[in-house]
Amino acid sequence: DIKQAQLDLVVSDIVMPNMSGIDLYKLVQERWPGTKMFFITGHPLEDNTQKLLSKGKIVWLQKPFSVRKFRRAICDVFEDV
């Protein structure tokens with residue numbers, strides 16, 4: 001059951017067809033508090049997304065990015081653990 005699962009990291013695009021990245025962030029934090037979020041995007045960031053980023057709540061990468069940058073960003077997510 002996914003509700004009982006322990007999630008360490010969720011990687012997602014910020015722009016999706018049925019749910020925004022911010023809505024996904026809120027859902028994940030509600031159901032699995034403490035789960036790390038890592039977003040990728042090829043779009044300019046909206047104001048509410050910028051606010052979360054400035055608070056250090058979300059790690060993100062702008063597309064396109066290299067595998068090396070992706071790996072480094074994933075490592076950065078867990079650096080404070």
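**Close-up 1. Aromatic pairs in the predicted model.** Two aromatic pairs are counted in this predicted model, where rings of Phe, Tyr and Trp (its six-membered ring) pair if their centres lie within 6.5 Å, and planes under 30 degrees apart count as stacked, over 60 as edge-to-face and the rest as tilted. Phe65 and Phe70 make up a stacked pair, with 5.7 Å from centre to centre and 15 degrees between the planes.

**Close-up 2. The loop residue Pro64.** Pro64 lies in the loop between β3 (59-62) and α3 (67-78); helices (H or I, at least four residues) and strands (E, at least two) are DSSP runs, numbered from the N terminus. Pro64 is exposed, with 80% relative accessible area. Its C-alpha is 7.1 Å from that of Gly42, although 22 residues separate Pro64 and Gly42 in sequence.

**Close-up 3. The two faces of helix α1.** Within α1 (residues 21-31), the residues Gly21, Ile22, Leu24, Tyr25 and Val28 are buried. These residues lie on the same side of α1 because they cover an arc of only 155 degrees around the axis, the arc being that of the directions from the helix axis to the C-beta atoms. Lys26 and Glu30 are exposed on the face turned away from the buried side of α1.

**Notes.** Residues are numbered from 1 along each chain as its sequence is written, and side-chain values use heavy atoms, with hydrogens and water left out. In this predicted model, local features need pLDDT of at least 70 and side-chain atom pairs count only at pLDDT 80 or more, whereas totals for chains, interfaces and linings use all residues.

Key: Buried < 20%, exposed > 50% of the residue type's maximum accessible area, 1.4 Å probe, protein only.
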